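Dear colleague,

I am handing over the structure below, and after it you will find a written account of what was found. Please read the two side by side.

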Amino acid sequence: MPYLPVGSPLPEPTTDDAEFWEACKRREFRFQRCAACRAWRFPPMPLCRECTSPEFNWELVPGRGRVFTYTVVHHIVEPALAGRGPYNVVVVELDGVEGVRMISNLVDVEEDELEIGMPVELVWESVEDMVLPRFRRAD
């Protein structure tokens with residue numbers, strides 16, 4: 001069962017992030033990395049925020065990290081999520097991808113078990129025609 005209900009808003013790929021979402025469909029966790037200065041870019045963007053180079057590569061990264069911060073949503077404003085709350089939203093600081101923090105959800109964890117610094121690992125969730133990166137507590 002998906003973490004959020006079927007019918008929830010899904011990402012709409014753009015020119016900048018379409019390759020990220022295609023990699024997710026292949027269950028590959030890939031991020032842009034500047035070809036000039038090697039800085040990571042997330043979210044994907046046309047120019048490096050460090051050196052403004054337009055050149056980059058899509059590099060495979062490990063799907064591990066730790067909870068940087070989180071919130072538990074009790075007040076549901078999105079109609080598609082009515083009756084689903086509470087649910088968590090986490091910001092994950094990724095290992096080996098300096099400076100990258102990703103917003104997602106932590107699955108299979110009760111809200112009172114969430115904590116900053118909790119080690120997490122990537123899990124894939126298929127929803128409609130997308131594959132979404134979610135996280136779970138790491139062993």
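**Charges over rings**

The charged end of Arg 84 is placed over the ring of Tyr 3, 4.7 Å from its centre, where a charge sits over a ring if NZ of Lys or CZ of Arg is within 6 Å of the ring centre and within 35 degrees of the ring normal. Arg 101 likewise lies over the face of Phe 68, at 3.5 Å from the ring centre.

Please keep in mind that this is a predicted model, in which local features need pLDDT of at least 70 and side-chain atom pairs count only at pLDDT 80 or more, whereas totals for chains, interfaces and linings use all residues. Residues are numbered from 1 along each chain as its sequence is written, and side-chain values use heavy atoms, with hydrogens and water left out.

**Aromatic pairs**

There are eight aromatic pairs in the structure; rings of Phe, Tyr and Trp (its six-membered ring) pair if their centres lie within 6.5 Å, and planes under 30 degrees apart count as stacked, over 60 as edge-to-face and the rest as tilted. One of them joins Phe 29 and Phe 135 edge-to-face, with 6.4 Å from centre to centre and 70 degrees between the planes. This pair links distant parts of the chain, 106 residues apart, since Phe 29 is in the loop between helix H1 (18-25) and strand S1 (30-34) while Phe 135 is in strand S9 (residues 130-137); helices (H or I, at least four residues) and strands (E, at least two) are DSSP runs, numbered from the N terminus. Phe 29 is buried, with a relative accessible area of 3%, and Phe 135 counts as buried at 0%, where buried means under 20% relative accessible area, exposed over 50% and partly exposed in between (1.4 Å probe, protein chains only).

Phe 31 and Phe 42 form another edge-to-face pair, at 4.9 Å centre to centre and 75 degrees between the planes. Here Phe 31 belongs to strand S1 and Phe 42 to the loop between strand S2 (40-41) and strand S3 (56-60), 11 residues apart, and both Phe 31 and Phe 42 are buried. Ring pairs link Phe 20, Trp 21, Phe 29, Phe 31, Phe 42, Trp 124 and Phe 135 into a cluster.

In soluble globular proteins, nonpolar side chains tend to be buried together. A nonpolar core is a set of buried Ala, Val, Leu, Ile, Met, Phe, Trp, Tyr and Cys residues joined through side-chain atoms within 4.5 Å. The largest such core has 25 residues, of which Phe 20, Phe 29, Phe 31, Leu 94, Met 102, Leu 106 and Phe 135 touch the most other members. The elements that contribute two or more residues to this core are H1, strand S5 (87-94), strand S8 (119-127) and S9. A second, separate core of seven residues includes Leu 4, Leu 81, Val 107 and Val 123.

Which residues of H1 are buried? They are Phe 20, Trp 21, Ala 23 and Cys 24, and they lie on the same side of H1 because they cover an arc of only 155 degrees around the axis, the arc being that of the directions from the helix axis to the C-beta atoms. What covers these buried residues includes S1, S3, strand S6 (101-104), S8 and S9.

**The loop between S2 and S3**

Pro 44 is in the loop between S2 and S3 and is buried, with a relative accessible area of 11%. Leaving aside neighbours within four places in sequence, Pro 44 is in contact (heavy atoms within 4.5 Å) with Asp 16, Asp 17, Phe 20, Gln 32 and Trp 58. Ser 53 lies in the loop between S2 and S3 and is buried at 12% relative accessible area.

**Backbone features to check**

Most residues other than glycine have a negative phi, and most peptide bonds are trans. The peptide bond from Phe 42 to Pro 43, however, is cis, with omega near 0 degrees. Asp 108, which is not a glycine, has a positive phi of about 60 degrees and counts as exposed at 72% relative accessibility. Glu 128 has a positive phi near 55 degrees and is exposed, with 56% relative accessibility.

With best regards
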